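Biologist: Please take a close look at one part of this model. I would like the helix packing and what surrounds it.

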Amino acid sequence: MFGFFRPKRDETDNFELEAMPLLKDVYRVALWLSRDVSEAEDLTQETFVQAFKSFHRYEKGTNCKAWLMTILHHTNAKRLRKLSRLRIVEDPDEQIASTIAFEPPAPQNITDDDILLALGNLPEQFRHVVVMADVEDFAYKEVADILGIPIGTVMSRLHRGRKLLRIELASHEAAVRFKSRKISAKG
Amino acid sequence: MDCREFDEIADSYLSGELLVETNHELIRHLEHCADCRKSLAHKREFRTRLQNAVKAASAPDAGFAARLRSQIREQATPRGSRLLIPAVTFGGLLIAGLLGLYVFLGPQFTSTQSARADLEEALHQTGLMAALHDALGTHKDCGFKFAKNPPIQVVNDHEYAALKSEFPGTLELVEKHDCLFKGRKYSHMILRSGEKLISILKTASESASDSQTIVSVPTENLQIAEFQRNGKSVFVISDLAETENLQIARVILTGKSV
């Protein structure tokens, strides 16, 4: 009925106050990590169960969202290892960087669905940092701490991730323009 | 700074990640470069659209939070204690309420110290005191909710209005739901007064008669008041002072304060 499942009343109350309101944020990032609703629910659930078990280690007044995201990241890494899906790429940043020669403009004539599709098509490493920095508004240093990678890597992945996103959308935008020109020429 | 350099760092500028000097250089460049001003405006707008689009498209489904709470309980609780504590607590609530351990009659709620002492001793001896202490919790983490059924009324509109007007301080409705424990159905309403939480529970009564008397079960950390009406037992459980807890029970019973 009430909170009698829990060992300590204060801790349960604090978890409800500090962690539970961040459920939507954790789920959102989990969804963009896994690109699958049921995997996102599993990831979120595992993250919160872990967080609850180790809530005594959370320092009150610090950034609870960053703390939860760190747990989410570890949980996700574990999931990927389990699925043997962890692709080891020597230096994905450099490989993709060489394919980007120009700085595309920020796209304008696009729909929200175009944006979501393009984000979903980004390779995972880039998608992850773009979501963390540009959607969730974490500082570069926080992203580096959460993902356990050097800040330089965060910056280069972000740079390329944003660029890839714009290229994808710019080409989509151009395709739409081309199509609409064809239609008006016909008319 | 030229336009190419601006392009390289514009995103970091929007993220607030540049050093103060670099910020100044960038702003000086923007002052005399209309193209880069336009480009920055587009980048900023795009980032807002990206945030909004992702946030709008990535909400968990409606029942997820409730499922998650019960998963946390399920997985974070040692097996042995899962059923024991609620069983003891519910038993405690019912026994305490139904046996009528401590009786107040009418509007004059005087208490005798010996009756209270008897009650407390009984609670301690049966281990119910500790269980009731845990039961207070946040009043919110009910593991047996009927998510789909519309909640039955715990107090009617008239009683709720009387509660709001008679209670010293403000009362705010936190939640209302139905719950089930061992085949017994409860309606549960949670109110907040400042930092204090008040749970009002209603369940079918064991006794056929309407006693219309309020039984108060004061424990170390929470107050329980119970009365029976229309074949139902109504419990008021809170961490308020005893007099305030009784006042709530009284208003629900009579529809008015004294």
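Where in chain A is Arg35(A) found?

Modeller: This is a predicted model, where local features need pLDDT of at least 70, side-chain atom pairs count only at pLDDT 80 or more, and totals for chains, interfaces and linings use all residues. Residues are numbered from 1 along each chain as its sequence is written, and chains are lettered from A and ligands numbered from 1 in the order in which they are written.

Arg35(A) sits in the loop between H2 and H3 of chain A. Helices here are DSSP runs of H or I with at least four residues, strands are runs of E with at least two, and both are numbered from the N terminus. The phi of Arg35(A) is near 60°, a positive value in a residue other than glycine. Arg35(A) counts as partly exposed because it has 13 C-beta neighbours inside 10 Å. The scale: buried means 20 or more other C-beta atoms within 10 Å, exposed means 12 or fewer, and partly exposed lies in between, with C-beta atoms placed from the backbone.

Now the helices on either side. H2(A) covers residues 23-34 and H3(A) residues 37-53. Their axes come within 8 Å and cross at roughly 130°. Axes are lines fitted to C-alpha atoms, for helices over the stretch in contact, and angles run from 0 to 180 degrees between N-to-C directions. H2(A) and H3(A) are therefore oblique to each other. Under 35 degrees counts as roughly parallel, over 145 as roughly antiparallel, 65 to 115 as roughly perpendicular, and the rest as oblique.

Which residues meet? From H2(A) come Val26(A), Tyr27(A), Ala30(A), Leu31(A), Leu33(A) and Ser34(A). From H3(A) come Val37(A), Glu39(A), Ala40(A), Leu43(A), Thr44(A) and Thr47(A). Contact requires C-beta atoms, placed from the backbone, within 7 Å. By class, the H2(A)–H3(A) contact has eight nonpolar, three polar and one charged residues. Ala, Val, Leu, Ile, Met, Phe, Trp, Tyr, Cys and Pro count as nonpolar, Asp, Glu, Lys and Arg as charged, and the others, Gly among them, as polar.

Leaving out residues up to four places away in sequence, Leu68(A) touches Ala19(A), Leu22(A), Val26(A), Thr47(A) and Ala51(A). Leu68(A) and Ala30(A) are among the members with the most contacts to other members in the largest nonpolar core, which has 45 residues. Such a core is a set of buried Ala, Val, Leu, Ile, Met, Phe, Trp, Tyr and Cys residues joined through C-beta atoms within 7 Å.

Definitions and conventions:
Contact = placed C-beta atoms within 7 Å.
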